Amino acid sequence: MKLLLLLLAASAAADRVLVLVDNMSIRESHSIFFKSITDRGHSITFKNADEGSLQLIKFGELQYENLILFAPSADEFGGTITAAEIARFVDQGGNVLLAGAGSNVGAAVRDVAADNGFEFADQLIDHVNYDSVLDDGTHTTVVASAKSQLMEAPLIVGDRSKLGPILYSGGALVAAPNNRLRLDVFKASSTAYSHDPTKPIKDYPSAVGRQAVLVSAVQARNNARLVLTASLHLFSNQFLSATVNKEGTKPSPSGNKAFVDSLAKWVLKETGVLRVKSVDHHKVGEKEPPREYTIMEDVDYKLEVEELKGNKWVPFDGKDVQLEFVRIDPFVRTTLKNKNGVLSARFKLPDVYGVYKFLVDYRRVGYTHLLDVQQVSVRPLWHTQYERFIRSAFPYYASSFSMMASLVVFSFVFLYHKSDPVVAQAKKTN
Amino acid sequence: SIILKVMSSKSGLLRSNSLGYTSLLTFVILALAWFVGFASRLFAIVRFESIIHEFDPWFNYRATAHMVEHGYYNFLNWFDERAWYPLGRIVGGTVYPGLMVTSGLIHHVLDLLNFPVHIRDICVFLAPTFSGLTAIATYFLTKELWSAGAGLFAACFIAISPGYTSRSVAGSYDNEGIAIFALQATYFLWVKSVKTGSVMWAALCGLMYFYMVSAWGGYVFIINLIPLHVLVLICIGRFSSRVYTAYSSFYVLGTILSMQIPFVGFQPVRTSEHMPALGVFGLVQIVAAMQYARTRVTRAQFLTLFIGGLSVALGVGLVGYLALVWGGYVAPFSGRFYSLWDTGYAKIHIPIIASVSEHQPTTWVSFFFDLHITAAVFPAGLWFCVKNVNDERVFIILYAVSAVYFAGVMVRLMLTLTPVVCVLAGIAFSLTFEKFLKSDEHFRGSSAGTDNKQYDKLKKQKGSEGADQTSSSPDGAPVSEDPIGPNVRSIVSFVMSILLLMFVVHATYVTSNAYSHPSVVLQSSTSNGGRVIMDDFREAYHWLRENTPDDARIMSWWDYGYQIAGMANRTTLVDNNTWNNSHIALVGKAMSSNESAAYEIMRELDVDYVLVIFGGVIGYSGDDINKFLWMVRIAEGEHPKEIREANYFTEGGEYSVGAQASQTMLNCLMYKMSYYRFGETRVGYNQAAGFDRTRNYVIGKKDITLEHVEEAYTTENWLVRIYRVKKPANRNGVKYTERKIRPTGGHKSSSTVGRSGRKGSLKNKAVVIKGKRPVTA
């Protein structure tokens, strides 16, 4: 029974992964990487990139949740897959892992990268940091230090202090200036540059030093994830199980395995996925949200957030989630208290009426963008809600009551007091 | 023409000497005036349909419907979150509720009588119905001022006068529709209370004033005119205990009552517009005390008291007022007030007021257009009043003089001029007819004049106690002494009748052709005389209603706010209740910025759709491009760094969207949205592409691409264009033309059209060679 449940859970979480290769031998040469993916419960379909039967979206529905493009030389994909189709795939929430190469990058692959704000530069060369054993003399098998060249992003790269040196062989990525969604996960060292190693250098290399991005992660605004790299070798069995030999350092096992595993986990949405389970707001002491709030009321706000961990949704333990109460500008900004995944706050509404939003806009590196907007109206007081008797009005109360009293007195005098008619006559003649 | 028939038959019927006939006749004439006034206002319904017109009426209708549905207190406390997003609007506190309450009450009464009428029909027919009440109120006012005959003339004039019809045709469900009745009734009751000096009439006047306050912001006119009347009476030595009683009762009651309207609140004691009334109230007390003291002290003492007391009181009052203004307890005069004295003021300081067409100065033509013969005749009536002046005629003189001035300043105030013109023209006509028809009557044995006299005397006997009637007899003018030949009489009478006839014809013509357009539906005619109805506005609003989410926020210029709220039932950012200038300026800034700057503003304001009115295809001149300069000006007022009016002109300093237009103009959001895809169309066979029919030239930039907004809907005649504001791009791609790296060997873009079964292509396709290991890339 337990096994069945586990199976069910595994199959529910199991994502379909399409791997496009330009050569079926990649399946063998990168088997360690693929095995770790299948071990985590994903089902992989291998296809040649130029196969005529390829299809990503059928009748508007995604056929796969994830796409791994290990076909750097593809000039044109087969079937209905085009760069535009892949863009559509991403816009509908599909994740993409794209690996290029140092040279011979196909037009289709370039287009896919360009759709996400990247271009492929030539082979990366580093005359200082290269592997003395694996390199063929062109200094293109680069050894990178995990500490200084990886981004501080544990969800994407893993714990970089524990990673060994990373072997890299391939081209470099150049990011477009408008590409604000990218995270430069892995940058080249300052001594690296990109160029064709067989040709003399005539003009300035298109990527130099730390501008050259080796692995970049992009989380689109719909939370679809992409990892782009210019090296297919990064994932190869050869690099994953290699021992790194660099001049002046001791030989050590490469950190590629841990690095690409954690990259794959991130891009296949196994880590750093948040979701709002429920959101609730109401007046203090009540249960249901009112149709509209009144100014100066005390409000309880509660947001339940969950994180995906090991195929299970568990309460999120972040302590830095903030709530804003916004009407063009935030009128209230407060940090939510996290109690076992239930983030809550209690605050007083501002003394300004209008249409407000409870806004939680949580963006952290590696996490999906957590956004929750609840629009409410805050109305002014009802005409019956104002204070009835105020101190500054006492003179007016006094005057009205004295007026009433004097009216009674006056009517009494007017009705029952007869003035002397002679005097009145005398006055008139004056 | 019915009126005229009645008019001419009146003189004939008046021969009978009985009071009963006179009353019957009066009743019949007033009833007919009501009927004709009602009927002539129905052109819009006959031509189009029973529909609410224009802009403000849509809000009034929406508010009325809300009140009828949810009850008065809910209406009073209604917080409208669909207006002025995201600020919202407290409707109950920012509206004159008289109109809504009136129609709600009528609806309720009819409901009680088991006579269910849709609230929309009540709203549509309210103004025509009230025009009859206005006629009756005018009759009573004129009767108090002059005579019953003049009253009947005035009632008939006001019933059809175009100046008043313009604001009260069926469907024009606006405050003015009932406010003119309230205005006339208040003036009648004021005149009555001055004449009688009775607290009852003054209290009624205060009540009527309360109704006026609840109905229209124009009540400020009353609360300044009546004190002015009192002040002038004091100055010309006509002050009496009647005036004292009337004004004191009226002011106290009226002020307290007016403060019950939430929108007015403490304004009567806290704004400068209301201070003259308070000052005159104080003055009246002093003058009354003086009069009381005069009989009790010596002359010398009195003079000291008078001069000393008065100057001290004036000084203290003035210093006190200035101190209160300086201390912020009393608001200084508002910009709207200044713009009444300096017509250029608004254009410089408050562009939002100047941008409204009905706030422009009046042209001479529109005086004739709106008043016709009465405009020419009323000075005569004014002259008769000046010649035979008494307390209440001082009032009508002041009313006439001030109303003429204000009508000259603003087209809109033609409305307050019309009633007084009708009253005075009625007096003039009545007097002239009396003079020129009388001997005719003598000849036949019984006279309309004497009849009139008797009727007036009767009235005088009723209420003449204490009134100084020595010089005020309406027939005191030396009329019957002059010998006039019968030919002259008949010619004059004939000409006058022709004039009246022409007035009726003109009024009907103007009502039918100029004032009966709903402006929600446009009408034009084809070359062979057929009518073409253009229903683009409703088409667009209906599209919004059916195709956008319920909470979609629509950005448009404020003119269309009420209509969008009323017809499309969607949230708007700004509307015709122009209470927040900076919010309007923000919308103006979005419209006049380039697309990316506008996009930022629109994102900030959560705009989902943008609506523009574009008349270039059909030649509709009231479109947004023609209003655009005002948007720029209003935006410049708040954001002078980003928006500069000068940038939107051509080098020659003209406003143009043609070939010479500036780059700022051609790249602003308003231009782009108005002319998007317009360059591809031709409006006529012999016109160039992109020829704008409203501006009559070819537009400056035809190939317009939109980045952050996309066209969502354009109506049949392109009158309304709706754009959807796009979400921010999911990915930040790099365009092919912007790529920096060109791979060697030439780069070909991958095919954009995929189809099943198509083979792809790889650069180094693996070839299987037996006995060899495959090589990886």
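Axes are lines fitted to C-alpha atoms, for helices over the stretch in contact, and the angles between N-to-C directions run from 0 to 180 degrees. Helices (H or I, at least four residues) and strands (E, at least two) are DSSP runs numbered from the N terminus. This is a predicted model, in which local features need pLDDT of at least 70 and side-chain atom pairs count only at pLDDT 80 or more, while totals for chains, interfaces and linings use all residues. Residues are numbered from 1 along each chain as its sequence is written, chains are lettered from A in the order in which they are written, and side-chain values use heavy atoms, with hydrogens and water left out.

Consider chain B. Helix α10 (residues 175–196) of chain B packs against helix α13 (residues 241–258) of chain B at an angle of about 140°, and their axes are 7 Å apart. The two helices, α10(B) and α13(B), are therefore oblique; angles under 35 degrees count as roughly parallel, over 145 as roughly antiparallel, 65 to 115 as roughly perpendicular and the rest as oblique. From α10(B), the contact (heavy atoms within 4.5 Å) draws on Trp190(B), Ser193(B), Val194(B), Lys195(B) and Thr196(B), and from α13(B) on Arg242(B), Val243(B), Ala246(B), Tyr247(B) and Phe250(B). The contact of α10(B) with α13(B) has 6 nonpolar, 2 polar and 2 charged residues, where Ala, Val, Leu, Ile, Met, Phe, Trp, Tyr, Cys and Pro count as nonpolar, Asp, Glu, Lys and Arg as charged, and the others, Gly among them, as polar.

A further pair lies in chain B. The axes of helix α26 (residues 536–547) of chain B and helix α27 (residues 561–568) of chain B come within 9 Å and cross at roughly 60°, so α26(B) and α27(B) are oblique to each other. Residues of α26(B), among them Phe537(B) and Tyr541(B), meet residues of α27(B), including Ile564(B) and Met567(B).

The two chains also meet. Chain A gives 66 residues to the contact and chain B gives 53 residues. The buried area, which is the accessible area (1.4 Å probe) that two parts lose on being put together, summed over both, is about 5,100 Å² between chain A and chain B, with carbon and sulfur atoms giving 49%.

Salt bridges (a side-chain nitrogen of Lys or Arg within 4 Å of a carboxyl oxygen of Asp or Glu) number 3 across the interface of chain A and chain B. Asp91(A) forms a salt bridge with Arg731(B), their closest N and O atoms being 2.9 Å apart.
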